[in-house]
Amino acid sequence: MKRIAVIEKEKCNPVGCGGYLCIRVSPGNRMGNEVFIVGPDGKAQVNEDVCTDAESITVKKCPFNAIHMVKLPDRLASQPVHRFGRDGFVLYRLPTPIFGSVAGILGVNGIGKSTAVKVLSRVLEPNFGKEKGGSFSELLQYFKGSESQIFFERLGNGQIKVSYKPQSVDLIPKEVSGKVKELLKNSDERKRLSEVADKLEITKILDQDIKELSGGELQRVAIAAASLKQANVYFFDEPSSFLDISQRINVSRFIRSLANENTAVVVIEHDMVVLDYMADLIHVMYGEPGAYGIVSQAKPARNAINAYLSGYLKEENMKFRNHEIKFSVRPPERLLKREPIVSWKAIEKKLGDFKLTADSGHIPKKHVIGILGPNGIGKTTFVKLIAGVEKTDKGEISCNVSVSYKPQYLSFSSEQLVESYLKVDEMLSRQLSLEPLMKKKISGLSGGELQRVAIADCLSKDADLYLLDEPSAYLDVEQRLIISKVIRERMEQSGKTALVVEHDIVFIDYLSDSLIVFEGEPARKGSVSSTFSMEEGMNRFLTNLDITLRRDPDSFRPRINKPGSRLDREQTASGKRYYQ
Ligand code: ADP
Ligand code: SF4
């Protein structure tokens, strides 16, 4: 076994812990060994060569969970691909782009997905865990005889050109200005602008300014820009965020169409339904976030996702989670009999060219309602009416309730520390692992960290109704499940209600007691359904999309049926598009 010891420098806060607590409490240091010392950057540094099991107490004492100590079997730990400094995060093995295929990468945040992609795209020169940097020829040596050899030979010879769609598309307007068309023209090495714009349904917005775009539009523009480059490996980091379900399906088809005998595609994606639909093969990444990450061999998409959910990789005999993630087959029986918190009747509201209508409906107390519907269909407008921020043109809403709102796009650029901004109870802080974020600046948070802070902020406000718009964006699969549990428990305990706008079907399924479905024509007209049971709501929504979902027989997760397949036809005919 090899021991690795890591200090997450971003989390280490020597002042916050009362002055290098680790150095003061380490059994090794007390015996006169320099296990923990002050590093050149003022943060703690750990020397793993002199660590012993006794240091597990030091790991526990660090209030910011910045210290990791793990033992790994030699077969895994002998050859790292990259290590950030002598006590930094370690990456073992790499995913393999395969020409003609879409390879997915599935793993929790902080497990090294982006690091792996940076190595593959030669943005980061791997050092193989050595203090003095490695070289590219070493990389070739490392992969000799493996499936990746051809890829790295070509990469080394300059025969591989890489194009990359970054994760945080909401940052694009801060970095580039001008019209969409100009941005795309600059990327259009393949001379396919109008065809790609058409496929991604952005033709209508080509003359708009980048600053005016919604998140879903930005996402599609970013995907277009990456795919217009002349490349033979395309990387897409979370292509589904901010897209509604039909856009997710459309983008998946588009991304699949890029793969051919000279082109490989690699995607990082946390929406399991979408990943399953998009990828041929998937590499699971496991390990300990912030400490180390191991890339598994590629497996067919279905098997890889099931293995990921089960927490066990059979081929590698590796159990990487103590519990399985399971889905229930039956929709939850928590229905709508509860006392209403708001009700409405025959509402109409016009905003420019857009008109929203809602027949009668109500929202029950102690309830989580999933809101389904395409982008631009009036979901936010409806909530503003409920909150009394906007007034209806016609019809009435029973009472105006106080609303706490988490918007879809999070644009905090504050230099403030999280702790001076966020006031949350201990329970929420623990559930959402917020403690290690408290001493960070808001502007320095990653997408997923900012999302957790924003969700916590929304839930900790005193209100009758909580509205969360796409809380899943930038969260990994496990964080999505934690968030849904936290939202459910809070509503149940406080007797309040949450409305959650979401496009990840797995998440909606886990989270909601009932559903409201928005229908119509984006940007022109939208209508609000009454509150449906899960089964009714999902049927109605999937009928609008003309898709059916089956359950995977092993993990019970939903999978999209191939249009026209036997199951698709049967489920369409029986009207059971999801819940059986
Ligand atoms: P993922 O993409 O799976 O979320 P990343 O590859 O971004 O994971 O990060 C994995 C770990 O490596 C994190 O703990 C991160 O803080 C660390 N890391 C990433 N870049 C650097 C760097 N330049 N220096 C030190 N640590 C880094
Ligand atoms: Fe303090 Fe933890 Fe950093 Fe050590 S690792 S200095 S205990 S914050």
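## Briefing: a domain interface and a ligand site

The side chains of Lys9 and Asp87 form a salt bridge, with an N to O distance of 3.2 Å. The structure is a predicted model. Its chain is assigned three stretches: domain 1 (2-77), domain 2 (82-308) and domain 3 (340-545).

**Domain 1 and domain 2**

- Between the C-alpha centres of domain 1 and domain 2 the distance is 33 Å.
- Domain 1 brings 16 residues to the contact, and domain 2 brings 15 residues.
- About 1,200 Å² is buried between domain 1 and domain 2, and carbon and sulfur atoms account for 52% of that area.
- On the side of domain 1, the residues Val6, His68 and Leu76 provide 36% of the area buried against domain 2, more than any other three residues.

**Polar and charged pairs across the interface**

- Two salt bridges are counted between domain 1 and domain 2.
- Lys9 lies within the bounds of domain 1 and Asp87 within those of domain 2, and their side chains meet in a salt bridge at 3.2 Å.
- Six residue pairs are in polar contact across the interface of domain 1 and domain 2, counting pairs in which both residues have pLDDT 80 or more.

**The residues around ligand 1**

**Polar atoms facing ligand 1**

- Thr115 has an N or O atom in its side chain at 2.5 Å from an oxygen atom of ligand 1.
- For Lys113, the atom concerned belongs to the backbone: a polar backbone atom is 2.7 Å from an oxygen atom of ligand 1.
- Gly112 likewise places a backbone N or O atom 2.9 Å from an oxygen atom of ligand 1.
- Ligand 1 taken alone exposes 560 Å², of which the protein buries 64%.

Definitions and conventions:
Residues are numbered from 1 along each chain as its sequence is written. Chains are lettered from A and ligands numbered from 1 in the order in which they are written. This is a predicted model: local features need pLDDT of at least 70, side-chain atom pairs count only at pLDDT 80 or more; totals for chains, interfaces and linings use all residues. Side-chain values use heavy atoms; hydrogens and water are left out. A polar contact is a pair of N or O atoms within 3.5 Å; within protein, one must be able to donate a hydrogen and the other to accept it, and residues adjacent in sequence count only if both atoms are side-chain atoms. Accessible areas come from the Shrake-Rupley method with a 1.4 Å probe; for residues, only the protein chains shown count as cover. Domain bounds come from an automatic or database domain assignment. Contact means heavy atoms within 4.5 Å. Buried area is the accessible area (1.4 Å probe) that two parts lose on being put together, summed over both. A salt bridge is a side-chain nitrogen of Lys or Arg within 4 Å of a carboxyl oxygen of Asp or Glu.
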